[in-house]
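I opened the notebook with two topics in mind.

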Amino acid sequence: MTPRKVPFFNYAALFKQREEEYLDLMREVLSRGAFILQRDLEHFEQNLAEYLDVNYVLGVADGTNALKLSLIAAGVESGDEVIVPSHTYVASAAAIHYVGANPVFVECGSDHLMDVDAIHDAISPKTRCLMPVQLNGRTANMDRIQAISEDTGIPIVEDSAQALGSKFKGKSAGSFGVAGTFSFYPAKVLGCFGDGGAVITNDPEVAERISLLRDHGRNEKGEVITWGTNCRLDNLQAAVLDLKLKSFDDDVARRREIARRYIDGLNQIDALVLPPGPEDDSDHFDVYQNFEIECEQRDELQAFLSAAGIGTIVQFGGKPVHMYPLGFEKTPLPKTEKLYERMLLLPMHTALSDEDIGFVIEKIRSFYAV
Ligand SMILES: *Cc1c(COP(=O)(O)O)cnc(C)c1O
């Protein structure tokens with residue numbers, strides 16, 4: 001018997017799960033010569049809009065560009081400031097940088113999401129946008145962030161790359177501000193076979209701007225009426241995403257079930273802090289893009305699990321964005337920095353079996369000798 005291996009993520013399994021269906025679909029789309037801005041993209045956009053209960057979805061090249069175009073559409077310009085949590089992927093900050101603005105980093109709270117209490121102190125006369133990041137498949141308390149936005153007139157652009165299908169008080173992640181963004185990177189909750197992304201909005205003018213920006217500033221007649229760029233979601237990827245969207249609720253249900261199993265198996269270990277359970281708080285519907293725990297002796301635990309054939313990850317290279325060598329002012333964020341010494345992602349994806357999860361739980365329990 002070969003020993004069990006639980007890789008952190010299994011890219012090949014994504015394809016293998018429904019190989020024949022994908023190949024049939026791709027053959028059909030490719031045979032039609034439907035590559036760019038074709039009906040498969042249109043269908044996916046319509047179906048995703050319906051799924052998320054928003055007016056507009058625009059497929060774009062990837063999640064980073066979704067943020068860039070959203071910031072431009074929200075009116076963020078050179079020299080402006082955008083408030084963003086430092087516990088995020090570098091892409092959130094890079095999008096701000098590449099529209100000429102400056103990220104202003106804030107702490108995260110005990111749920112690992114933007115600390116709402118830290119926003120007020122970060123606001124300056126230059127602040128032009130709030131960018132909450134709906135990390136790990138959970139949506140922040142958007143009532144409070146929207147209240148700040150309404151009081152100050154500063155618009156919200158949500159980086160919801162990790163939170164497709166997540167909700168706060170029944171409303172979809174990405175739908176709270178002027179625009180919200182998604183990534184369809186293969187390891188995301190809804191992943192394609194390459195890069196992909198989307199912008200969602202309820203504002204017809206924002207939708208129109210994104211639609212122009214993603215296709216060289218061209219209108220429906222093909223006339224260039226403004227500056228744009230090439231930032232389209234491939235039609236073939238859109239066709240794959242549209243197929244996967246049909247069973248996406250099952251994927252989310254499975255992720256929530258895995259989270260439940262982890263919590264039931266690990267909640268007696270005092271050395272761990274676990275994420276909220278799927279039924280813990282009726283205001284939140286979490287999709288568990290990641291299962292991010294906090295733990296004592298993190299590096300030792302990670303090495304122990306690795307030796308047992310279990311892949312884990314410390315998100316974002318183990319450093320919060322404000323500590324990257326990118327010329328930021330040295331403002332310490334002690335809560336975030338502390339979290340980065342303790343946090344760890346356990347395997348979380350739909351190709352995990354119950355036996356895999358049981359094995360991970362068993363190894364963690366044996367590390368802490370419980
Ligand atoms: C994945 C991700 C992005 C960027 O998405 P890409 O499609 O890889 O460009 C942005 N923000 C967060 C929080 C992400 O996890």
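How far does a polar side-chain atom of Lys188 lie from an oxygen atom of the ligand? I looked it up and got 3.0 Å. I take a polar contact as a pair of N or O atoms within 3.5 Å.

I note that this is a predicted model, where local features need pLDDT of at least 70, side-chain atom pairs count only at pLDDT 80 or more, and totals for chains, interfaces and linings use all residues. Residues are numbered from 1 along each chain as its sequence is written, and side-chain values use heavy atoms, with hydrogens and water left out.

I checked two other side chains. An N or O atom of the Thr64 side chain is 2.5 Å from a ligand oxygen. For Asp159, a side-chain N or O atom is 2.7 Å from a ligand nitrogen. Next I looked up burial: the ligand alone exposes 380 Å², and the protein buries 93% of that (Shrake-Rupley method, 1.4 Å probe).

Three strands (DSSP E runs of at least two residues) form an open sheet in the order β7-β6-β11, with antiparallel pairing. β7 (171–172) and β11 (284–285) are at the edges with a single partner strand each, so one side of each has no neighbour in the sheet. I found 2 bridges between β6 (residues 167–168) and β11; pairing needs at least two by DSSP. Lys167 stands opposite Phe285 in β11.

Conventions. Polar contact = N/O pair within 3.5 Å; in protein donor to acceptor, adjacent residues only side chain to side chain. Helix = DSSP H or I, 4+ residues; strand = E, 2+ residues; numbered from the N terminus.
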